[in-house]
Amino acid sequence: MIYVGCEGTHTSGHFDICASHGHNLMVYGNDGCAALWMMVSRGHANDARKLWHRNGGGVFSLDQDNLTMPSHLLAMAEFPIFAFEQHLGDLILIPSECAHQVINVGKGYTIKCAWNTTTTESLMHCLESILPVNRRILKPEIFRAKTQLAAVMNGAIKSLESKLWERSLLRSMQI
């Protein structure tokens with residue numbers, strides 16, 4: 001994805017889709033422009049959910065990506081909030097299940113290129129924990145985690161079959 005932002009634009013608090021790992025590279029930025037990132041570790045994900053829900057009047061939540069938390073409220077959190085300032089050329093890595101939001105600052109524009117990656121672990125976590133929540137709040141599954149997991153499993157099975165066939169062939173040649 002490509003994000004183009006100017007002063008005051010933002011990405012509301014959220015978790016990256018399907019427990020994936022996020023990558024965000026600022027590829028353009030006018031002098032004095034930056035992106036302010038606020039991030040919560042995976043170990044405090046439920047604390048972050050409660051904070052967003054409580055301050056969103058029960059209507060807004062991290063799972064629905066619809067509230068940018070004011071920094072003065074984040075400063076009062078009873079768990080660590082990590083803050084980063086991203087400038088041109090900086091790459092921000094977002095671990096799986098880390099709540100985060102971004103606010104663009106400075107006169108001018110920034111352009112950021114973002115992508116997500118999954119691991120077998122993140123896909124399993126998604127199937128067990130994320131998709132049930134998404135179904136409850138009627139959030140569509142756009143990342144197709146089940147399809148990805150099926151592709152991983154098919155690849156593993158083919159690799160195993162190939163290795164078993166090679167061993168069988170080698171044994172037959174040794175006779």
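Visitor: Which helix gives the most to the lining of the second largest pocket?

Guide: In this predicted model, helix α1, made of residues 45–55, gives the most to that lining, with five residues.

Visitor: And which residues line the second largest pocket?

Guide: Its lining consists of D47, K50, L51, R54, N55, L73, M76, A77, E78 and F79. Sorted by class, five of the lining residues are nonpolar, one is polar and four are charged.

Visitor: What volume does the second largest pocket have?

Guide: The volume of the second largest pocket is about 150 Å³. The largest pocket has a volume of about 720 Å³.

Visitor: Which residues are closest to the centre of the largest pocket?

Guide: The closest to its centre are Y3, H14, F15, D16 and I17, out of 39 residues that line the largest pocket.

Visitor: How many nonpolar, polar and charged residues does the lining of the largest pocket have?

Guide: The lining of the largest pocket has 17 nonpolar residues, 14 polar residues and eight charged residues.

Visitor: Let us change topic. How many residues are in the largest nonpolar core?

Guide: The largest nonpolar core has 15 residues. Within this core, the residues with the most contacts are A48, L51, W52 and M69. Helices α1 and α2 (71–75) each supply at least two residues of the core, and the largest share, four residues, comes from α1.

Visitor: What does A48 touch, leaving out residues up to four places away in sequence?

Guide: On that basis, A48 touches V40, L62, F79 and A99.

Visitor: Which residues does the second, separate core include?

Guide: The second core has eight residues, and W37, I92, I94 and C98 are among them.

Visitor: On to cysteines. How many disulfides are there?

Guide: The count comes to zero disulfides. A disulfide is a covalent bond between the sulfur atoms of two cysteines.

Visitor: Is C33 buried or exposed?

Guide: C33 counts as buried because its relative accessibility is 4%. C18 also counts as buried, at 5% relative accessibility.

Visitor: Where is C18 found?

Guide: C18 is found in the loop between β2 and β3. Its phi is positive, about 50 degrees, although C18 is not a glycine.

Visitor: What is the phi of E97?

Guide: The phi of E97 is near 65 degrees, which is a positive value in a residue other than glycine. E97 is found in the loop between β6 (91–94) and β7.

Visitor: Is E97 buried or exposed?

Guide: E97 counts as buried, because its relative accessibility is 5%.

Technical notes:
Residues are numbered from 1 along each chain as its sequence is written. This is a predicted model: local features need pLDDT of at least 70, side-chain atom pairs count only at pLDDT 80 or more; totals for chains, interfaces and linings use all residues. Side-chain values use heavy atoms; hydrogens and water are left out. On a 1 Å grid over the protein atoms alone, a cavity is a set of points where a 1.4 Å probe fits but cannot get out, and a pocket is an open set with protein on both sides within 12 Å along at least five of seven lines; lining residues have an atom within 4 Å of a point. Grid points are joined across faces, edges and corners, and a volume is the space filled by probe spheres set on the points. Ala, Val, Leu, Ile, Met, Phe, Trp, Tyr, Cys and Pro count as nonpolar, Asp, Glu, Lys and Arg as charged, and the others, Gly among them, as polar. A nonpolar core is a set of buried Ala, Val, Leu, Ile, Met, Phe, Trp, Tyr and Cys residues joined through side-chain atoms within 4.5 Å. Buried means under 20% relative accessible area, exposed over 50%, partly exposed in between (1.4 Å probe, protein chains only). Contact means heavy atoms within 4.5 Å. A disulfide is a pair of cysteine sulfur atoms within 2.5 Å.
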